[in-house]
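Biologist: Please show the model, and then I will ask about it one point at a time.

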Amino acid sequence: MAEILAVRDVRKTFGDVRAVDGVSFTVRRGTITGLLGRNGAGKTTTIRMITGIFLPDSGDIQWLGDKVGGGGYRDHIGYLPEERGLYKQMKVVEMLLFLAEIKGRRGSDIRPRIDRWLERFELTDKRDAKVEELSKGNQQKVQLIGTLLHDPDLIILDEPQSGLDPVNMVIVRQLLHDLRNEGKTILLSTHMMAEAEKMADEIVLIHSGQVVLKGTLDEVRGSFGKNTVHLEFDGDGAFLRELPNVARASILNSSAELSLTEGADPQRVLEACMPRVRVRRFELATPSLEQIFIAKVGTETLSHEVTQ
Amino acid sequence: MNKMFVVMKREYLQAVRKKVFIIMTLLFPFLMAGLMILPGLMMAKGMGKKRIAVLDGTGQLQQAFINREETEEAVDPKQEARKAIEGGGRRRLPSQFTIEYVNEAGKDIDKDSAAYMQRLTRDKEAPDKLEGVFVIPAKAMDDTKTTLSYYSRAATDFITQERLGRITNRELQRIRLAANGVQPDLVENLLQDLSVDAVQLSRTGEKKTGGELNFIVAFILGALLIIPSFIYGQETMRGIVQEKTDRVVEVLVSSVTPMELLSGKILGIAAVGLTQITVWLTMMGLAGAYGAAVATMADINLRQFVRPSVFAYFALFFLLAYLTYVCVYAIAGAICNSDKEAQQFIAPIMMLMMAPWFLMMPIIMNPDAPFAVAFSLAPVFGPITMFVRTSVTEPPLWHILVSVAVSIATIVAFAWVTAKIFRIGILSYGKRPTLPELMKWIRVA
């Protein structure tokens, strides 16, 4: 699959803060790429450089193999910023028309698309309402339509899940998969690993302005080996953290995910569990993104190439 | 350019569709007219009839205080209109005075006046209520150091006071001259003041009179030039702050460059301002046409007050003034996070920029004085001052050219700085930047 976007060693400093410190990654056509990291890791700054809002201090961004300084290809991008915002006084249809027009589309071409999208999001009756009259959830939907309306090749979503209720979260997740299946390319940022796991084909993990891990989800997980134990049990699991072969453990009420130390035998762990709790499930698995994230960010900060 | 037009179109349509805009556009001329005409009317009419007691210690001045209605022969209304417009003064007792003349010759004027002064404090509806008591001491006829006194509840009615003084003095002069052997029927002619006509001489030798109206026209057009610049500058600032608080700005700058956004905004709002001014000028034109009809009847040539070139200068200097001020407002909008903060930030700067407005009177009266010339050639103050000068006199062409060039250079410099600050400022929430930080923004952006 062809690269649609390549970020090459970009850096951005604000005062004394190195927000982005030599980030490189590529986004391939027809995939969903997840840009992961904690709040303040440099995700939004990276995205703002891709969208041309900031110019990188150094490094460059390539669109379909051509170097572009800032946002020379902006019309091909649909961008949903983390800071959502619409003109509150405008009617929904006018707002959407404006958003498409500043992406270089003609009003007459866009109007039928507006109606189709409003229908898809069940907002047809809100067409002529003012934005400020809409509920927050509906405003989010309008903004999402505004991101997609001009039929962009690359859709960039900064924390698309933030502020959504569980139902809308599922709707958005489904929508992104549909778009990907239609051949669109999506770059999304999130700090919620579980969400990224459900959506992303490829991940780029950023920490302190640097890429610490990248690759397809399978590659990333595979490189960590099957050294993770998923455990379900009845009883008090507090002791699990103290076991000699366990490096890290996240323990919930009656289940746990254990990361084993290098070369540890899972069989020993099972033996240690059996006298203390009643084991209902014991499974060797690849680690979750959450565990990988903690492992990478908690222990080392050097870039770790997984891709071949 | 195309995207700038999209931004401009949005700004324009959103603004002109607002009810506030429509109401303001239609009502403002009436408000203005009211504000300009009403005080004048009130002054002229003295807020209605005034009942004044004149206590004459000399006992010889009764003739001067006989009420006009009783003595006046019919006056020519055409002549009256001319005088009113061209500032010819009245010498007779104004008709709104009702005079209660008291001959105090040989009486104790101090004691008697106390009773009249009592009546000043009566209720407005009381039949014997007095608005003023004018005391002429007995020695007024001979002693040139005598002071006349005008008593009223407010000591600020200087117009009434001035008129009574003038009437008294004229009568005293007449009597003194007559006493020194001048024939009474010659006195009026000998004392006649000559009126002064203000004649403006153009470079081509063309003469025109009517300075007073010219003054008013310059003042109105000056106000019409400066007020919208400030109103719409303010509007631009609020728009930018609003985009920040509504968080729209990030979507915008991911689609258009800050320069396209800034120029689209500024030009869109400029178009709103021009629309409004066009409406106002049309309304003024209609009123003017009516006025012209009246003026023609009174044999007044309106062309002598307003040269058509004034309107060309108006359009030119309005744009220069607007673009200068709006950049300053745009910077304020870009670096502040709320309307309130922006207002506080802009207030002192605005006071400074309004300097030509406060100096309008002296500039109109002395359009070629060094300070007026300096202001008209200075950046920021130039457009408004130069416009006022062109409308009341004919400044040398090089003054106009230098002023326009300085203004354009100022606008380019301001726009450059504004674009730099705008680029960073619109995305920075939180604390307002300090001056050193601003300088850094200008350098790095």
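Biologist: In this predicted model, at what angle do the axes of helix H2 (residues 92-101) of chain A and helix H4 (residues 136-148) of chain A cross?
Modeller: Helices here are DSSP runs (H or I, at least four residues), numbered from the N terminus. Axes are lines fitted to C-alpha atoms over the stretch in contact, and angles run from 0 to 180 degrees between N-to-C directions. The axes of H2(A) and H4(A) come within 9 Å, and their crossing angle is roughly 30 degrees.

Biologist: Are H2(A) and H4(A) roughly parallel or antiparallel?
Modeller: Angles under 35 degrees count as roughly parallel, over 145 as roughly antiparallel, 65 to 115 as roughly perpendicular, and the rest as oblique. The angle here is roughly 30 degrees, so H2(A) and H4(A) are roughly parallel.

Biologist: How are residues numbered and chains lettered, and what pLDDT do local features need?
Modeller: Residues count from 1 along each chain as its sequence is written, while chains are lettered from A and ligands numbered from 1 in the order in which they are written.

Biologist: Which residues of H4(A) does H2(A) meet?
Modeller: Two residues are in contact if their C-beta atoms, placed from the backbone, lie within 7 Å. From H2(A), Val92(A), Met95(A), Leu96(A) and Leu99(A) take part. Their partners in H4(A) are Val142(A), Ile145(A) and Gly146(A).

Biologist: At what angle do helix H16 (residues 382-392) of chain B and helix H17 (residues 397-425) of chain B pack?
Modeller: The axes of H16(B) and H17(B) are 10 Å apart, and the angle is about 160 degrees. That makes the two helices, H16(B) and H17(B), roughly antiparallel. The value asked for is about 160 degrees.

Biologist: How many residues of the contact of H16(B) with H17(B) are nonpolar, polar and charged?
Modeller: Gly382(B), Pro383(B), Met386(B) and Thr390(B) of H16(B) make the contact with Ile400(B), Ser403(B), Val406(B) and Ser407(B) of H17(B). Ala, Val, Leu, Ile, Met, Phe, Trp, Tyr, Cys and Pro count as nonpolar, Asp, Glu, Lys and Arg as charged, and the others, Gly among them, as polar. The residues divide into four nonpolar, four polar and no charged.

Biologist: Which element gives the most to the side of chain B that touches chain A?
Modeller: The contact takes 16 residues from chain B and 20 residues from chain A. Helix H1 (2-16) and helix H9 (249-253) of chain B each give two or more residues to the side of chain B. The element that gives the most, with five residues, is H1(B).

Biologist: Is Tyr12(B) buried, exposed or partly exposed?
Modeller: Tyr12(B) lies in helix H1 of chain B. A residue is buried if 20 or more other C-beta atoms, placed from the backbone, lie within 10 Å of its own, exposed if 12 or fewer, and partly exposed in between. Tyr12(B) has 18 such atoms within 10 Å, so Tyr12(B) is partly exposed.

Biologist: In chain B, where is confidence lowest?
Modeller: The mean pLDDT of chain B is 79. Confidence is highest in H1(B), at 91. At a mean of 45, confidence is lowest in helix H3 (residues 68-71) of chain B.

Notes:
This is a predicted model: local features need pLDDT of at least 70, side-chain atom pairs count only at pLDDT 80 or more; totals for chains, interfaces and linings use all residues. pLDDT is the predictor's confidence in each residue, from 0 to 100.
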